[in-house]
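Subject: Structure handover

Hello,

Please find the structure below. My notes on its aromatic residues follow.

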Amino acid sequence: VLEGNLSLMHDGKEPIRLESYGGVDYFSGGSLTLSRGTCRDFNVMWAKDASFTVKVEVLKTFPCIVTCTGEEFFYAPEKAFSVAVAAERQILPPKGLLHFEGEGRLHFEAAGEARLIRVQLIRKKWF
């Protein structure tokens, strides 16, 4: 939840209350889901049989350096970020999405208080 608050109930289980940047809820798209509340949210969806799982976190301390080793997305819900990868610098605008694939260190800077949503695609290991 980026703004507002929301209560979610999946398959008749105990409701989960989410407030602005107060947590993440993972659930199957096949679940019977009931919601109550008004919010602006950020969703990540992937196929049940995908070759990866997903980890979502909210970064709140800047400047920061993020080490990437695979495929990741970064979403700037409110403010712009300056992003440096090696010697290249670019601007991630408000409501902008950055896709990064490979290995590297990303240096994020923002003016004032800011939040950045990091979505990591974690490949499943097959033995």
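Tyr26 counts as partly exposed because its relative accessibility is 43%; the classes are buried under 20% relative accessible area, exposed over 50% and partly exposed in between (1.4 Å probe, protein chains only). This is a predicted model, in which local features need pLDDT of at least 70 and side-chain atom pairs count only at pLDDT 80 or more, while totals for chains, interfaces and linings use all residues. Residues are numbered from 1 along each chain as its sequence is written, and side-chain values use heavy atoms, leaving out hydrogens and water.

The structure holds four aromatic pairs (rings of Phe, Tyr and Trp, the last by its six-membered ring, with centres within 6.5 Å; planes under 30 degrees apart are stacked, over 60 edge-to-face, the rest tilted). One of them joins Phe62 and Phe81 edge-to-face, at 4.9 Å centre to centre with 65° between the planes. Phe62 is in the loop between strand S4 (52-59) and strand S5 (64-68) and Phe81 in strand S7 (residues 81-85), so this pair ties together parts 19 residues apart in sequence. Strands here are DSSP runs (E, at least two residues), numbered from the N terminus.

Phe81 also pairs with Phe108: the centres are 6.3 Å apart and the planes at 90°, so this pair is edge-to-face. Phe108 belongs to strand S10 (residues 104-109), 27 residues from Phe81. Phe108 is buried, at 0% relative accessible area, and Phe81 is buried at 1% relative accessibility. Ring pairs link Phe62, Phe74, Phe81 and Phe108 into a cluster.

Regards

Technical notes:
Helices (H or I, at least four residues) and strands (E, at least two) are DSSP runs, numbered from the N terminus.
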